[in-house]
Structures are given as structure tokens and as C-alpha cells.
Amino acid sequence: SRKNQEMERKLPRHFLLSKFYQMMKNLSSLIAAAVFLLLSLSLSVRAAEIGVVINEIAWMGTANSANDEWIELYNNTGALINLNDWILKAGDGTPEIKLIGAIPANGLYLLERTDDNTLPNVSADQIYTGALNNNGEKLELYDNSRNLTDSVDCGNGWFAGENSAKQTMERKSGIEPGSDPATWTTSQNPGGPPKSQNGASV
């Protein structure tokens, strides 16, 4: 109306600017919140897409024996996953492990070589045979439809881990590529943290 237009013309300029800045501030907050939400959803989707990953590798064995090797898997998802008929294998064919059982939601699955005495204080989810090469291996994990779910290509040498101190090669992120050296680090302690959260955390 004409009356309202006259009132707006009489409002101080600094008042109108203040209102404008407040509106822009509120808009910026909404945009920031939307971006944060989209990033969170993106990370959740990526984790769900990656599913189960190779999480830790004791390619050097333990202080008790170099033969006491073990491998740990991690479930990125919020649901239990049946691992029956999944396959974890090395590029040279040894080891090649047909998995059994299930891995809990956001949980861990431990494979011990030869027997369950590899880690006396931790129970294995599965026993396997076949040694890892100390000079490196390419490890691949396939689901029961033979879809590749994770690959760790250390064919030219392990990305991390320390043989003499028996420190394991542990994953820093469960949603980053397994064949990226930056995804891995050497465990803080000898023997790593089998079937517990990595020092660098996935």
C-alpha cells in the first residue's frame, strides 16, 4: 500500500542494512548445515558401498613365531554380513581362503594361520593355511557373487608394518581405497591390536 511504502522510505538506512545482513547470516548458516548433511550422507553411502574391507595384516607374524600370521577384516556397515562362500586370496594363489561364518555390524573378523594358537588370548573366527610373502602380496576380497569388495595391492612391498619389531600393517580408514599407501600405517604396538580398534582407527 502507499502508506507502507512511505513507512519503508522513512526507515533508517542502517536498520535496513542490519536486516539484510541478518538475512544473509541466516542463509549462510542454512547452506553450511545443508553441506554438512550432504557430506555426512556421502560418507555413509561410501561406507555402505565398500562394505567389508581388509583391516589389518600381520604379514610378519608375531614375536613368538614368524609363522603366526593373521589377517583382520572390518565391516563398514550397520548390518551383520554373512561371509559364507566369500574368498580372500593373494595374487600368487597363496593363501586362498574360503570364508565361513558372519561378521557383525561395524565389527571385526579375525583369521589366524594354521591354528588358534597364533594369538593365544584372542579367539579366531577362522583358521587358514598358506604363508604371506614378507616382500609383499596383492590381497583381494570377493563376496559370494565374486564381486571384488576390497583390494590391497602390495605386490611391490607392504605399505606398512615392521618385521623386526613385529608391528602390524593397520588400516587408517575403512572408506579409502585399500591399494592407496596413504590408507595404511604401522601399528603403534608390536602385535597390533587384533580384533580391537586400530590405533589410527578405521
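Mentor: Residues are numbered from 1 along each chain as its sequence is written, and side-chain values use heavy atoms, with hydrogens and water left out. Because the model is predicted, local features need pLDDT of at least 70 and side-chain atom pairs count only at pLDDT 80 or more, while totals for chains, interfaces and linings use all residues.

Trainee: What makes a stretch count as a helix or a strand?

Mentor: Both are DSSP runs numbered from the N terminus: helices are H or I with at least four residues, strands are E with at least two. By that rule the protein chain has 2 helices and 12 strands.

Trainee: Why are β8 and β12 said to stand at the edges?

Mentor: Start with the open sheet of 6 strands, whose order is β8-β7-β2-β1-β11-β12 with mixed pairing. β8 (126-128) and β12 (184-190) each have a single partner strand, so one side of each is left without a neighbour in the sheet.

Trainee: How do you know that β7 and β8 pair?

Mentor: Two strands pair if DSSP finds at least two bridges between them. Strand β7 (residues 108-113) is joined to β8 by 3 bridges, so the pair qualifies, and the two run parallel. R113 has Y128 in β8 as its bridge partner.

Trainee: Why is A90 called buried?

Mentor: Buried means under 20% relative accessible area, exposed over 50%, and partly exposed in between (1.4 Å probe, protein chains only). A90 has 3%, so it is buried. This residue lies in strand β4 (residues 87-90). For the whole protein chain, 39% of the 202 residues count as buried.

Trainee: Which residues does A90 touch?

Mentor: Contact means heavy atoms within 4.5 Å. Not counting residues up to four places away in sequence, A90 touches P95, E137, K138 and L139. The C-alpha atoms of A90 and K138 are 5.4 Å apart, although 48 residues separate them along the chain.

Trainee: What makes a set of residues a nonpolar core?

Mentor: Its members are buried Ala, Val, Leu, Ile, Met, Phe, Trp, Tyr and Cys residues joined through side-chain atoms within 4.5 Å. The largest such core has 32 residues, and I54, I57, L73, L83, L99, L111 and M169 touch the most other members. Its largest share, 4 residues, comes from β1. Leaving aside neighbours within four places in sequence, L111 has contacts that include W70, L73, L99 and Y128.
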